[in-house]
Amino acid sequence: MMVIYEAKDYKDLSRKAANIVSAQVIMKPNCVLGLATGSSPEGMYAQLVDWYNKGDVDFSRVKSVNLDEYRGLSRENEQSYYYFMHKHLFDKVNIDANNTYLPNGLAEDPDEECRRYDALIESLNGVDLQLLGMGHNGHIGFNEPGDCFDKGTHCVDLQPSTIEANKRFFASEDDVPRQAYTMGIGTIMKAKKILVIVSGADKAEILKKALYGPITPQVPASVLQMHSDVIVIADEAALSAIK
Ligand code: F6R
């Protein structure tokens, strides 16, 4: 089942998303959260940090696995997703850093790193709540449009449109890594619950395709129509093509 919540704006969306994450943590204090980076969840993380500071949410027993990481970036690199997660959440709440996991961007053998990551997720008994943003081409994680849905964690070549979209964070386009590790569509779909957050008019067309278009690997997010428990939170601008 898919439930769609309309948020007024980004702030409202962030608050609604944070409510769902904190409800999950309250229901199951030792839950496994699947986390995402990017602009979409930044406000949600800030809201969670706020509530943590007020004593309203406790991350001490939470475990987390991130969706993706650039290949070739070290943890210290400010553009790495490791760095992003520490900056926006892990260093600001009482989650045990030893219980937070991301693919290792500097792993020598990419195949082995993918197998390690899948085995790790399995050893945690899977993800309770997976958070997702959505790319302009419908990607989730770094599962780019293609001919088939990828199952497990894999190393992908980023598409020109994704490099273009992400270059805003780097000194120049040449600095954007060309590859990334990402959970596969299979990994994502195994999560017990999925929370998708989508903001802005520039995502309106792809959100419509993902939610109401045909299920196709050309629009990776369309696969979410087949999941049994999905919550989509989108702001008015992102929902503008649907009404
Ligand atoms: C990030 C991720 C990506 C982003 C997507 C949207 O971990 O997996 O799929 O969710 O590229 O990015 P933003 O939120 O920056 O528009």
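This is a conversation about a predicted model of a protein.

Colleague: To begin, how many helices and strands are there in the protein?

Modeller: The protein has seven helices and 10 strands. Its radius of gyration is 17 Å, close to the 18 Å that the globule rule gives for 243 residues, so the protein is as compact as a globular protein of that length.

Colleague: And what does the C-alpha trace span along its principal axes?

Modeller: The span is about 45 × 40 × 35 Å. The accessible surface of the protein comes to about 11200 Å², and 49% of that belongs to carbon and sulfur atoms.

Colleague: What share of the residues is buried?

Modeller: Buried residues account for 53% of the 243. As for contacts with a separation of 6 or more, 79% of them join residues 24 or more positions apart.

Colleague: Let us turn to the sheet. In what order do the strands run?

Modeller: Seven strands form an open sheet, in the order β1-β10-β9-β6-β2-β3-β5, and the pairing is parallel. At the edges are β1 (2-7) and β5 (100-101), each of which pairs on one side only. Helix α1 (residues 10-27) packs on this sheet and touches β1, β2, β6 (129-132), β9 (193-198) and β10. The direction of α1 makes about 160 degrees with that of β10.

Colleague: Where does the chain go from β2?

Modeller: From β2 the chain crosses through helix α2 (residues 42-53) to β3, and this β-α-β crossover is right-handed. Strands β2 (residues 32-35) and β3 (residues 63-66) pair in the parallel sense over four bridges. Within that pair, Leu-35 stands opposite Asn-66.

Colleague: How many bridges link β2 and β6?

Modeller: Two bridges link them, again in the parallel sense. Leu-129 in β6 is the bridge partner of Leu-33.

Colleague: A change of topic: where is Phe-149, and what does it touch?

Modeller: Phe-149 is in the loop between β6 and β7 (154-157). Leaving aside residues up to four places away in sequence, Phe-149 touches Ile-185, Ile-215, Thr-216, Pro-217, Pro-220 and Val-223. The C-alpha atoms of Phe-149 and Val-219 are 9.8 Å apart in space, although the two residues are 70 residues apart in sequence.

Colleague: Why does Phe-149 count as partly exposed?

Modeller: Phe-149 has a relative accessibility of 31%, and partly exposed covers what lies between the buried limit of under 20% and the exposed limit of over 50%.

Colleague: Lastly, is Ser-222 buried or exposed?

Modeller: Ser-222 counts as buried because its relative accessibility is 0%. Ser-222 lies in the loop between α7 (204-212) and β10 (230-235). Again setting aside residues up to four places away in sequence, Ser-222 touches Ala-210, Pro-214, Ile-215 and Thr-216.

Definitions and conventions. Residues are numbered from 1 along each chain as its sequence is written. This is a predicted model: local features need pLDDT of at least 70, side-chain atom pairs count only at pLDDT 80 or more; totals for chains, interfaces and linings use all residues. Side-chain values use heavy atoms; hydrogens and water are left out. Buried means under 20% relative accessible area, exposed over 50%, partly exposed in between (1.4 Å probe, protein chains only). Contact means heavy atoms within 4.5 Å. Two strands pair if DSSP finds at least two bridges between them. Axes are lines fitted to C-alpha atoms, for helices over the stretch in contact, and angles run from 0 to 180 degrees between N-to-C directions. The radius of gyration is taken over C-alpha atoms; the globule rule is 2.2 Å times the number of residues to the power 0.38. Accessible areas come from the Shrake-Rupley method with a 1.4 Å probe; for residues, only the protein chains shown count as cover. A crossover is right-handed if, with the strands pointing away from the viewer, the path from the first strand over the helix to the second runs clockwise.
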